[in-house]
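Hello,

My notes on pockets and a sheet follow below.

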Amino acid sequence: STTEVQMAIEAGASHLIIEDSKVSIRSFKNDFETPGFQKLIDLSDFARSLNPEIVLSANADFLIHDHQIPLLESLIQTMKQAQIPTLRFQDLGIVSYVKTHHPDIRLHFHPEIGFHNSEGIVAVAPKLDYITLSNELPVADLQKIRNAIPTPLEIQVHGPILIQYSFRRYLEGLSETLEPYGWDPHRFVTLAQDDEYPGRYYRFYDNPHGHFMFLYFDRCLIKYLPDLVQ
C-alpha cells in the first residue's frame with residue numbers, strides 16, 4: 001500500500017519489493033478480485049515521487065502451473081510499464097520463460113526450500129542476477145557459497161519461517177466450521193498450539209494459492225548483525 005511504501009522510505013529503505021497477491025503466495029493482501037497489475041505502476045510511481053533513486057523489484061513467488069503462464073506474462077508486461085527491472089521468484093521454470101521471452105528482465109532467485117549446498121547454487125547461478133540464500137545455511141556454508149560464485153547474495157535477517165506449504169487448501173473444507181471465526185474464501189488466518197507445548201502458536205494461512213503453516217517464532221538475526229556484516 002502507499003502507506004507502507006511511505007513508512008519504509010521514511011525509515012531509510014533504499015530498495016522496495018512490490019507484490020500483488022495474485023502472484024505472491026504468502027501475501028496477506030487481497031488482490032485476488034482485482035484484475036491486472038495496475039498496483040505495480042501506482043506504487044512504483046508513488047515510491048519514486050518520494051525517492052527518485054529508489055530501487056524496485058516485483059515479487060512472483062508462486063509455483064506456476066501451465067494455466068498461469070498468461071498471468072506471469074501480464075505481470076512482466078506491467079513491470080516494464082512501471083520500469084521495475086527485477087523479478088523475484090522461487091519457481092525455476094520462470095528462468096527459461098523469462099530468458100526466452102524477456103531477456104531484459106533481471107532475475108532474483110528466492111528459493112523457499114532446497115539449495116542448501118554450494119553445488120546446487122553453483123549450478124543455477126550463471127542464469128541469475130541475484131540469489132537469496134536459504135535460512136538453513138550455517139556461516140561456514142555461506143562463506144563457501146560466497147567464494148564459489150560472484151552473484152550478489154541476499155539473506156533474510158528478520159521475518160516469518162514457512163515450515164509447510166501445499167497447493168491444496170486444507171482449511172477450505174472447514175469453511176462452515178470456521179465461519180464464526182471470520183472465514184474468507186480469499187484469506188483466512190488462524191493460530192493453533194500443540195497441547196504438549198502450550199503457548200507456542202503456529203500460524204496457519206489459507207488463500208487461493210493453497211495452505212501455509214508458519215513456525216511459532218520468527219527468524220531474527222538482528223543481534224548477529226556484526227557477524228553478518230563481517
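The largest pocket holds about 1,400 Å³ of space. On a 1 Å grid over the protein atoms alone, a pocket is an open set of points where a 1.4 Å probe fits, with protein on both sides within 12 Å along at least five of seven lines; lining residues have an atom within 4 Å of a point. Points are joined across faces, edges and corners, and the volume is the space filled by probe spheres set on them.

This is a predicted model: local features need pLDDT of at least 70, side-chain atom pairs pLDDT 80 or more, while totals for chains, interfaces and linings use all residues. Numbering runs from 1 along each chain as its sequence is written, and side-chain values use heavy atoms, without hydrogens and water.

Of the 42 residues lining the largest pocket, Ile17, Glu19, Arg88, His110 and Gln156 are closest to its centre. β1 gives the largest share of that lining, four residues. (Strands are DSSP runs of E, at least two residues; helices are H or I, at least four; both are numbered from the N terminus.)

The second largest pocket has a volume of about 600 Å³. Its lining has 18 residues; Val139, Leu142, Ile155, Asp227 and Leu228 lie nearest the centre.

Now the sheet. Four strands form an open, antiparallel sheet in the order β8-β11-β10-β9. Strands pair if DSSP finds at least two bridges between them. β8 (162-166) and β9 (188-193) are at the edges with a single partner strand each, so one side of each has no neighbour in the sheet. Five bridges join β10 (201-207) to β11 (210-214). Asp206 has His211 in β11 as its bridge partner.

Best wishes
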